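Here are some notes for going through this model. Please keep the structure open while reading the points below.

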Amino acid sequence: MAASLDPFLARTRIAYLSMEMALHPGIHTYSGGLGVLAGDTARSAADLELPMVFVTLASREGYLRQEIGQDGRQVDHADPWEPADWASPLDAAVAIRIEGHSVWIRAWLRVLTCPLGHRVPVLLLDTQLEVNAPEDRGITDRLYGGDEVLRLRQEAVLGIGGERMLRALGFEIETYHLNEGHAALLPLSLLRRHRLASDRPAEGPLRYDPDPVRERCIFTTHTPVEAGQDRFPYGLVERILGDFFETDQLRLLAGEEALNMTRLALSLSGWVNGVATRHAETTRRMFPGYRINAVTNGVHVPTWAHPAFARLFQEIAPNWAHEPEGLARADRLPDTAVLAAKAEARAELLAEAHRRTPEAAAALRPDLPLIVFARRMTGYKRPDLLFSDLGRLREIAERSPFQVLVAGKAHPRDDVGKELIRTLQDHAHQLGGAVPVAFLPGYDMALARLMVAGADVWLNTPLPPMEASGTSGMKAALNGGLNLSVLDGWWVEAWEEGVTGWAVGRDGEAPGDHAGHLYEQLEQAVLPLLHGEPARRAWMMKQAISRIGAHFNSQCMMRRYAAEAYLR
Ligand SMILES: *Cc1c(COP(=O)(O)O)cnc(C)c1O
C-alpha cells in the first residue's frame with residue numbers, strides 16, 4: 001500500500017498523541033473508550049480539515065481477544081493484526097535510549113479519509129525491527145500488556161519517540177495534544193531544550209523554563225481517581241531512562257514519591273481539560289491549583305449511526321454526517337419509521353447474538369424490550385448491579401417481560417473483572433427463561449456498533465465519580481436508544497428525566513441505594529414505556545436523537561478543542 005506524507009507536511013500544525021486509537025475494526029490498536037474517543041477525534045479532524053497528525057503505537061499483538069470458556073471464565077488471547085495490510089511503512093527511523101542502549105522506532109502511515117474527501121495522517125510507532133535487540137523488538141507489540149517496566153518503555157516510545165519521529169518526518173508541530181497521561185514524556189522532551197543558563201540565577205529550584213513548553217502542550221485527562229493514574233518509582237525511571245532528565249528536577253514536576261504521569265502532564269501543559277463537566281469538577285478537587293477546563297466527549301455520528309437510522313437522518317438533514325447539529329430536527333421523523341429502524345437494528349443484533357453464543361441466545365425474542373449493558377468488565381462499573389436481587393427481577397419480568405444482553409472484556413490482570421464475567425453468566429443460568437440474558441464475547445468496535453444500534457435501553461451503573469465521561473450511551477442515543485444510567489460523567493449533562501432517558505439514583509445520594517432505585521425505574525417508568533403506546537415510545541426515542549445526537553458528537557467536541565485549546 002503506497003501513501004505519502006507530502007500532502008500533509010506543510011499544513012500540519014497540531015499533533016495528537018494517544019496510547020490507543022480505534023481506527024478500524026481490523027486494526028487492533030485499541031482496548032476501549034479511550035481509544036474509541038481518539039479514533040472519533042481523528043475522524044472528526046478529517047471531516048473538519050483540521051491541520052492535525054495523530055500518533056499511537058502499532059500494537060501488532062492487539063489488546064485482548066476474549067474467549068469465554070465452558071466454565072464461563074474469560075480466556076485471554078493475543079489479538080494480532082498485520083500492519084502491512086492496513087498501512088504503509090515510512091522511511092524515517094529514530095532512536096531513543098532505553099536501559100543504556102538504542103531502541104530504534106519506525107512508523108507506519110494510515111491515512112483517514114472522511115466522506116467529503118478530507119484526510120488526516122495517523123502514525124503507528126513500531127519497534128518490531130531487526131536492528132533492535134530481541135528483548136526490545138516487542139516493546140510496542142501488546143497494548144497495556146506486561147508490567148510497569150514494559151508500560152514505561154511503551155510510554156517512552158510514545159512520548160519521546162513520537163516527538164522525535166514527527167521531527168524526523170519533517171513535521172513542524174506547534175501544538176501537542178496529549179490524550180491522557182501516557183504521552184507525558186513528550187513535554188519533558190521539549191523541556192530539555194529550555195535549561196536556564198547556569199549563570200542566570202534560577203527563580204525557584206527548577207533549573208528549566210517550563211513556559212515555552214506549556215504554550216505548546218494541551219492535556220486531556222481521563223482518570224477521576226488516583227489509583228487509575230500511571231505512577232513509576234524513580235528508581236525504575238532512572239533504570240529505564242538513564243540521565244534523560246535529572247531526578248531531583250523531575251520530582252518538582254511529577255511528584256515527590258513517584259513519577260505520576262498525570263501530574264507531569266499537568267505541570268507542563270498550558271491548557272488542561274476534563275472530559276465532562278462533572279469530571280472537570282472532580283479533577284479540580286484532586287489537583288487543586290490547576291485551571292481545569294471541561295470539554296465533554298462526543299462520538300462520530302456517521303461511524304455510529306446504523307444504516308437504517310442514517311437513511312432517516314438523510315431525509316431530515318442531508319448534511320447530517322458533516323453537521324450533526326441537523327439531528328435536532330429528528331422530532332419531525334414519522335413514528336413508524338423510527339420504530340421500524342429500531343426493529344431492523346435489534347433484529348441484526350439478535351442474529352449476531354445467535355452466531356456468537358447460540359445456546360445462551362436461544363431464549364431471546366425479537367419482540368421483547370432489549371436492555372443492553374456493554375462496558376469494560378471491572379469493579380466500579382458494577383455490571384452485577386442489575387442482578388443484585390434475582391427474585392425482584394423475576395417479579396418485574398413476570399408483569400413486564402424483557403431481555404438482557406451483556407458484553408465487555410476484563411483486563412487480563414483484573415481478577416475482579418474476570419470474576420464478574422463468570423458470575424454474570426451464573427445469574428443468567430439462575431434466571432433461566434424468566435429473564436433471557438446472554439453474554440456476548442469479544443466486545444469491540446464492530447460488536448459495539450451492533451449493540452448500540454439494537455438496544456432499546458442502554459444501561460450504565462458505574463460507582464460515582466468513577467465514570468470520567470462514557471461515550472457508548474451517546475452512540476445508543478443516536479440510534480434512538482434510551483439511557484438508563486447513574487448520574488455521572490456525560491449523563492449529568494444530557495439527562496432529562498422521561499425525555500432523553502432516566503436516572504438511576506439521585507445525584508449525590510449514597511450509591512448503596514442504586515439497586516433499589518434501578519428496580520423501581522424499570523418497574524414504574526422504563527418497562528411501562530416500552531410495553532405501552534408506540535407513539536409515546538417513539539416520541540422519547542426522537543427526543544434522545546435530537547437532544548443528544550445533535551450535541552454530544554465529536555464534530556462539536558473538535559470545534560471546541562479547535563476554538564478554545566488549539567487557537568488559544
Ligand atoms: C464506545 C466504546 C467504548 C466506550 O464506552 P463507555 O461508555 O466508556 O463504556 C468502549 N469500548 C468500545 C468497543 C466502544 O465502542
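1. Ala308, Phe309, Arg311 and Leu312 of helix 13 are in contact with Ala337, Val338, Ala341, Lys342 and Glu344 of helix 14. Contact here means heavy atoms within 4.5 Å. Of the residues in this contact, six are nonpolar, none is polar and three are charged. In this scheme Ala, Val, Leu, Ile, Met, Phe, Trp, Tyr, Cys and Pro are nonpolar, Asp, Glu, Lys and Arg are charged, and the others, Gly among them, are polar.

2. The model is predicted, with local features needing pLDDT of at least 70 and side-chain atom pairs pLDDT 80 or more, while totals for chains, interfaces and linings use all residues. Residues are numbered from 1 along each chain as its sequence is written, and side-chain values use heavy atoms, leaving out hydrogens and water.

3. Two packed helices are described by the angle between their axes and the distance between the axes. Helix 13 (residues 307-316) and helix 14 (residues 335-356) pack at about 155°, and their axes are 8 Å apart. Helix 13 is therefore roughly antiparallel to helix 14, a term used for angles over 145 degrees. Helices are DSSP runs (H or I, at least four residues), numbered from the N terminus. The axes are lines fitted to C-alpha atoms over the stretch in contact, and angles run from 0 to 180 degrees between N-to-C directions.

4. Which residues of helix 13 are buried? They are Ala308, Phe309, Ala310, Leu312, Phe313 and Ile316, where buried means under 20% relative accessible area with a 1.4 Å probe, protein chains only. These buried residues pack against helix 14, helix 19 (472-478) and helix 22 (534-549).

5. The whole structure has three cavities of 30 Å³ or more. A cavity is a set of points on a 1 Å grid over the protein atoms alone where a 1.4 Å probe fits but cannot get out; lining residues have an atom within 4 Å of a point. The largest cavity has a volume of about 60 Å³, a volume being the space filled by probe spheres set on the points, which are joined across faces, edges and corners. Helix 8 (234-241) is among the helices that each supply at least two lining residues, and helix 8 gives the most, with three. The lining of this cavity has eight nonpolar, two polar and one charged residues.

Definitions and conventions: Angles under 35 degrees count as roughly parallel, over 145 as roughly antiparallel, 65 to 115 as roughly perpendicular and the rest as oblique. On a 1 Å grid over the protein atoms alone, a cavity is a set of points where a 1.4 Å probe fits but cannot get out, and a pocket is an open set with protein on both sides within 12 Å along at least five of seven lines; lining residues have an atom within 4 Å of a point. Buried means under 20% relative accessible area, exposed over 50%, partly exposed in between (1.4 Å probe, protein chains only).
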